[in-house]
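Have a look at the structure first.

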Amino acid sequence: MTTAAIAQPVNQASDNAAGLLTSVTQIARRVLLKFIRSPQLVVVGTLQGAMFLLIFRYVFGGAITTPGIDYVNFVVPGFIATGVLFNAMYSAVGMAEDLEAGLIARLRSLPIPRSAVLVGRALADTGIQVWGLVITIAIGFAVGFRLHDTLPAALEAAALIVLFGIVFEWLFLLMGMIAGSPQASQGFALLIFPLTFVSSAYVPVASMPAWLQGFAENQPVTVMVNAVRTLTEGAPAEALVGHPASYFVVRSLIWSLALIAIFAPLAVAKYRRG
Amino acid sequence: MLEITPTVEAMGVSKRFGATKALDGLDFTMRPGQVTAVLGPNGAGKTTFVNLLATLLRADAGTLRVCGADVRRDPAAVRRMVALAGQFAAVEPAMTGRENVEMVARLFGQSRRDARRNAAEVLEHIGLTEAADRTVRGYSGGMRRRLDLGASLVGRPRLLLLDEPTTGLDPRSRNELWDVIRSLVHRGTDVLLTTQYLDEADHLASHVVIIDHGRAVASGAPRELKRLVGRTVVEVHVREASDLERVAATLGAISDSDPYIDVPARSVRAGLDADTNRVFAALRPLDDTGIVIDEVAVRAPTLDEAFLTLTGNPQEDVA
Ligand SMILES: Nc1ncnc2c1ncn2[C@@H]1O[C@H](COP(=O)(O)OP(=O)(O)OP(=O)(O)O)[C@@H](O)[C@H]1O
Ligand SMILES: [Mg+2]
């Protein structure tokens, strides 16, 4: 028996597919274009961050005592480090929007490597994270934040923050996929509040009731915030939080690896299953 | 012996979601070189079938092949041949029409130059050249659907899957989309479209498969299916329910199947394979009986009626 397909003036199946690099670039480009062309996202996000920072700096700041260090120098590193969580909310909402709009279904039906969609988005979201950080840091300097340690230490802090951004990206991508709709994923993202507020980001953990301190002291956000704080503010900050920078850097790296090792495979598995 | 590989071949395909059997042993063959319509009511399993073909879902049982490639064993090959335009337009509102189409072209592995050229050609074909450089946010629903179709076309698929391509469009946008779909087969793309409207299948498809509860219940050329239903439907609404039987008997004389009596609606429906002229002749005897007739309608059959005739059951409202 001979089997012959009817002649068709279309591409042969063999070369009709994009490689990993092209796919990742195209998908990242789409996410970035969407961000850049949605001024409300950029403006609202920026204003919100600025407003919170101003409120903490000038409204609550006077009532919070941080022995040995100015409150502005205490809180700005906290804002910078927790900023990655608030910005990551955008990833969850964006992923859920794409799912709901059927964009992910279209991408999944295309002959591209399956990993390209998540990797492309993670790259683009990291770029968006860096943008958000630059804004927060600029506002921080404007309201009186200053570095009190070496430049290499500050750069180390910056690199850590980008790493934290990547870590939380996977958690939030997963949340976006589980939630399935932008509204629901915003609900999921409420998880951010206990993580950021019950941490050393805005107030010293010592000021919390004893039963909260156990959580606040050991959860990853505190460790990450303190790493950034001690790297940028040096000895006074180390004295206040009770450990040297290296203690927090090592622990924040361990947390980062652990969180990525858990959530990246979960996100990939969720994406594959659809 | 020379045999033509079917574009789509489904044998006993089943897919359940929890307790719901979305597809329940679907058998289906689609020959190349034509538009095939999958017709069915809400919840019949149309989207599920299309998603299986697009490799977005995996079947629980059965065999499914696209141009000879097994969807389960070689999904990558299937993805290279198939393009999907879903029930909702899957385009990025923040990008322009051109950017959307070029992105998909690049994802099909086309070089930057080819992508640009093919996108321009596709945009011309779907009538969006003028709007091509505006962001999709400002497009109408019809333009978005056409763009969605364009994005699916730019990879030059062998098989294009269209899931309810015109649902929610106004008649003019629908006609524009129909024109584009009709022109595809000439360019060598086979089209499988799903629809809830017999009318749409009739306009576009040369072969129609009716599915219900995840199974194929009938198939054939639109003309054959309509002949099963009757070419025209006469519907007579009477004032008194007690007159229904007599009206049914009268209509029965010109119908090739038993008229359907709808007691709550106080109406009788009959399919006719005859000239509309004969309807008036057939109704004339009712003149002298004193039966009060509120309304007489002569029209094309609806999907509901096709179902009624083909399955013997009124179409359930699943949604
Ligand atoms: N992801 C899912 N989870 C649970 N049930 C599902 C899922 N997808 C489909 N179903 C169910 O499977 C059946 C077939 O659904 P499908 O979407 O294929 O129907 P359809 O013919 O496309 O309907 P419509 O005309 O409304 O689009 C329905 O009963 C539906 O509720
Ligand atoms: Mg559907």
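What follows covers the cavities and then the pockets.

This is a predicted model, where local features need pLDDT of at least 70, side-chain atom pairs count only at pLDDT 80 or more, and totals for chains, interfaces and linings use all residues. Residues are numbered from 1 along each chain as written, chains are lettered from A and ligands numbered from 1 in written order, and side-chain values use heavy atoms, leaving out hydrogens and water.

**Cavities**
- There are 2 cavities of 30 Å³ or more (on a 1 Å grid over the protein atoms alone, sets of points where a 1.4 Å probe fits but cannot get out; lining residues have an atom within 4 Å of a point; volume is the space filled by probe spheres set on the points, which are joined across faces, edges and corners).
- The largest cavity holds about 60 Å³, and its lining includes Arg145(B), Asp148(B) and Leu162(B).
- α5(B) gives the largest share of that lining, 3 residues (helices are DSSP runs of H or I, at least four residues, numbered from the N terminus).
- The second largest cavity, about 30 Å³, is lined by residues including Tyr271(A) and Arg79(B).

**Pockets**
- The largest pocket has a volume of about 820 Å³ (a pocket is an open set with protein on both sides within 12 Å along at least five of seven lines).
- Its lining has 33 residues, with Val44(A), Gly45(A), Gln48(A), Phe86(A) and Asn87(A) nearest the centre; α2(A) supplies the largest share, 11 residues.
- The second largest pocket takes up about 650 Å³; among the residues closest to its centre are Leu99(A) and Asn51(B).

Notes:
Helix = DSSP H or I, 4+ residues; strand = E, 2+ residues; numbered from the N terminus.
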